[in-house]
Structure formats: C-alpha cells, structure tokens
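Here are some notes to read alongside the model. Please go through the points in order, with the structure open.

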Amino acid sequence: MPGTTDDDGPDSIVLHVDMDCFYAACERLREPELEGKPVVVGMGYEPGEGHGAVATASYEAREFGVESAQPISTALERLPRIESLGPDDDPAAAGHYRTVDLEFYKEVAADVKAILHDCADVVREVSIDEAYLDVTDRTAWDLAAAGDRTLAEGFARHVKQRIAREVGVAASIGVAPNMSTAKIASDFDKPDGLVVVRPGEVRSFLAPIPVEEVHGVGPVTARKLGSLGIETAGDLADADAAVLEAEFGSRGRELHERARGYDDRTVTPTGRPKSLSRESAFTDPTDDIEDKREVVRALAADVADRARSRGAMYRTIGIKVVVPPFDINTRATSLSGPVDDPGLVESVALDLLDAEFEETTVRKLGVRVSKLSFADADQSSLDGWESTGSGGVDGEGDDRVSDETEASAAADGDDEPPDTGGETPSRGGQSSLVEFD
Ligand code: DCP
Ligand code: MG
C-alpha cells in the first residue's frame, strides 16, 4: 500500500508541486521590473469599477493583508494602487495591480506541466498551478552518496530548478511517501520551498500541523474537531477512532488514518482528455514558411499518432500560432463527422497555417485535435497523460525547436477551466476563455 511501511513494496515517492503566487509570477515574467514589489492580480480595480476580487497577490503584497478571493475594494484599502499615490506617499507601500489574463497564465502553466510530464511517469494535474507526481520509479528514498540527503530530495531540487530555469517561475515542492503529506509539505515552506518528509518521519512531521490543513478537513469539520479538543493532526492521530467514526462516519476513520500518515490513494493521471495537442517553440522566432510548415507537419503527425494509439477520433482540427511576445492565435476547422485520419490532420493544419500565417513571425506553433470520441468506452484507464519523454516529435539533435509540451490535461488539454476549488468572480469571469475550439 503506498504511503505505508507494509512489506508489499517500497514506499512511494510523491511530489506535490505548487507554483508560488502563480498569476503574479506570470505577470513578472513579462514585466521583470515587478520583481520584489507588491503585485496584485485581479479584476475591478480601475477607478469607477470597484467590484471584483483578488485572484492572487505576491508575497510582498500579502504583507499588507492582501489575499486571494478578497474583494478588490478591501485590497485597495490595504494597499493603494501605485498610480493613485500623492507626491508625498511612499511608493514602497503601494501595489502594482494587473488584470487577470488567464490565456497567458495557461501558456506558462503548459510550459511548467511539460517539464512535470518529462520528470514523472504519472502526473495528476489538479489545477492550473498544481500537480502531483509519482516518481517512485525515477528516484529512491536512499541517501545520496555524500551527506544525509535523500536521492528523492535531489530529484525534487532538479524539478524545481528546471522550472525556474526553463520557465522562470518559482515552485514549492513537497516530497513524501503519500499524496496528502506531500501536499502539506509543499505548503509548509512557501515561497520557494522544498520540504522532504521521509517515510519514517510522516507522523512526527504532521503532528503539529493544524487540523485545517489535513486533506479533507474543511472549516466545518475543523470547528467540530475543535469542540472535541482536537486542534492538530497529532491530536487527531491520537484520538479514539471510534469517537471520530461516531461523529463523522467513515470519513472520521479516514481522517484519523491521514493524520497518522496513512493515505493509500495512488497518484492517477488526470482523466480522459477532451483534446490532444502538442506545441513546439522556436529557439528564435521565425517567419520562414518552410520552417513553420515542417514543424506543423511533425506536430500533426505526433498528435494524430497519439489519437490513434488512444483509440480517439476527432471532429475538429486546429492550430495555435504564438506571435512574439505572447500574442496567441488559434484557428480550427470542424469536420462533418469524427475521423481518424493523420493525412487530414496534416493537410488541415497546413491549410490553416498557410491561409493566414504565411508571413507571420512566430515564436511557437501548436496542433490540436478536439471534439474527441473514443472507439472503446472502457479504455479510460489507458487515457492518462502518459509521459512521452523528451525528444518526442521534434527529434533529437534538432536545435531549432525545443520539445515543449505534451499538452497538459487540466490547464491546457482540457476544455474545462482548471479546478482550484472554490470559484472566485475573477476566475469565473475568465473561464470562458479557452484555447482552441
Ligand atoms: N486563484 C484564483 N482565485 C482563488 C485562488 C486562486 O483566481 N481564490 C488563482 C490565482 C493563483 C492560482 O489560482 O495564482 C493558483 O492558486 P494558488 O492557491 O496556488 O495560489 P498562488 O499560486 O497564487 O499562491 P501560493 O504561493 O500560495 O500557491
Ligand atoms: Mg500556487
């Protein structure tokens, strides 16, 4: 059982990766001068608007009491906009407000998720900026040759560094033998955290954690637990299982188990895709039509191949053309019925490219098939977002193109907005903006 010390197998190694102040980090990618400054991403802060919510705040802005899901009016009271300062006001105590641009954040998230899929065989994407990785087969709990660090820690550091170097945003990572502990660990030392909880340390790591942070404990349960004198995961672990079961039913027993460090969920890939896509970025933007066509051909072949291997037929074929710096164009053609036809994917994608983008300088190209139907409805267990490894369609040694994304399920490949739990007006308002289709 994963996450336990049973004799039936080695302990799992689960990474939980969660980007730090993600939307704000994305804004800093295109405006590096915002680094180190209070940044608030949300809606409704322009004069005369007044309603809307904070999507996220940079850690500098959080010092002023600004936080996710807060009404924007409260944020503005706590941290005025830099534009509204008088000549004598302190600019360090003002916020740089930016409007939610989900389309751009999804681009950045897709780049991060591509790295995650490259680093793990099983990736469960749970929101735009968060995923679980099962890396049991890629590393080990053994100590590295020098020192007292585990190999798993070195592996997680490598993932973090790749994200920082290749995408330019910071991730916090928790490493643990099970999902719920990994999640708590990733949150434990934010921002830029790396917290490793070894198999033998789970219970002692969890003991001082407030019950609210145990996976599955919401505010109502936390209040009830509080009334039973249970404030921490340690209290919960020590509580009488029968009492918990009487109070909360079977969930009580489950929470008791989690607090004691047992969580037998395995990391399963995010569900059946609604679309399949692949993108490639050029190292240097190009307007050469033959270069562009060559990439589109390779992407089309890869996507059609993946669709076939999953038994998926498609009714829409589309392309994505990213013009520097971040102008995203998508075009698609709908067919009269579902097909499995690699030649058609190529010809439709090339037609869409030629029709409008023959002379355009592009930074990145993508091909997508969507409106999928599956020949065999029972194939869902095979539909995970398998890792295709690096190299992929672009071919080793082709340095004009970096192998960029295995389309990521939640943030990119799905047509649904990512589920971060709890909608805010800001996100709700943006969720109709989807790439392709
Ligand atoms: N988000 C949102 N509304 C919320 C919560 C989050 O729009 N109520 C968006 C903005 C966040 C992104 O989702 O940047 C990721 O959510 P997180 O909860 O991971 O928050 P952050 O990444 O911003 O901060 P942290 O560093 O705490 O992870
Ligand atoms: Mg985050």
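1. Start in a loop. D192 lies in the loop between α6 and β8; helices (H or I, at least four residues) and strands (E, at least two) are DSSP runs, numbered from the N terminus. D192 is not a glycine, yet its phi is positive, about 60 degrees. D192 counts as partly exposed because it has 13 C-beta neighbours inside 10 Å. The cut-offs are these: a residue is buried if 20 or more other C-beta atoms lie within 10 Å of its own, exposed if 12 or fewer, and partly exposed in between, with C-beta atoms placed from the backbone.

2. A word on the source. This is a predicted model, in which local features need pLDDT of at least 70 and side-chain atom pairs count only at pLDDT 80 or more, while totals for chains, interfaces and linings use all residues. Residues are numbered from 1 along each chain as its sequence is written, and chains are lettered from A and ligands numbered from 1 in the order in which they are written.

3. The loop between α6 (179–188) and β8 (194–196) also holds P191. The peptide bond from K190 to P191 is cis, with omega near -10 degrees. Another cis peptide bond runs from P324 to P325, with omega near -5 degrees. P325 sits in the loop between β10 (312–323) and β11 (327–339).

4. C21 is another residue with a positive phi, about 30 degrees, although it is not a glycine. Its place is the loop between β1 (14–19) and α1 (22–30). Is C21 buried or exposed? C21 is buried, because 25 other C-beta atoms lie within 10 Å.

5. R223 belongs to helix α8 (residues 219–227). R223 has 11 C-beta neighbours inside 10 Å, so it counts as exposed. R223 and V211 are twelve residues apart along the chain, and their C-alpha atoms are separated by 9.6 Å.

6. Now the chain as a whole. The protein chain has 15 helices and 14 strands. Of its 437 residues, 45% count as buried. Among contacts with a separation of 6 or more, 66% are between residues 24 or more positions apart; two residues are in contact if their C-beta atoms, placed from the backbone, lie within 7 Å.

7. The largest nonpolar core has 78 residues, of which L15, V40, V112, L116, L133, V175 and L236 touch the most other members. A nonpolar core is a set of buried Ala, Val, Leu, Ile, Met, Phe, Trp, Tyr and Cys residues joined through C-beta atoms within 7 Å. Helix α4 (residues 102–119) gives the most to this core, with ten residues. The core lies between domain 1 (22–102) and domain 2 (216–259), because both give residues to it; the domain bounds come from an automatic or database domain assignment.

8. Which residues does L133 contact, leaving aside its neighbours within four places in sequence? They are L15, V17, L116, C119, A120, V123 and V267. Another core, of 28 residues, lies apart from the largest one, and its members include L276, V295, A307 and I317.
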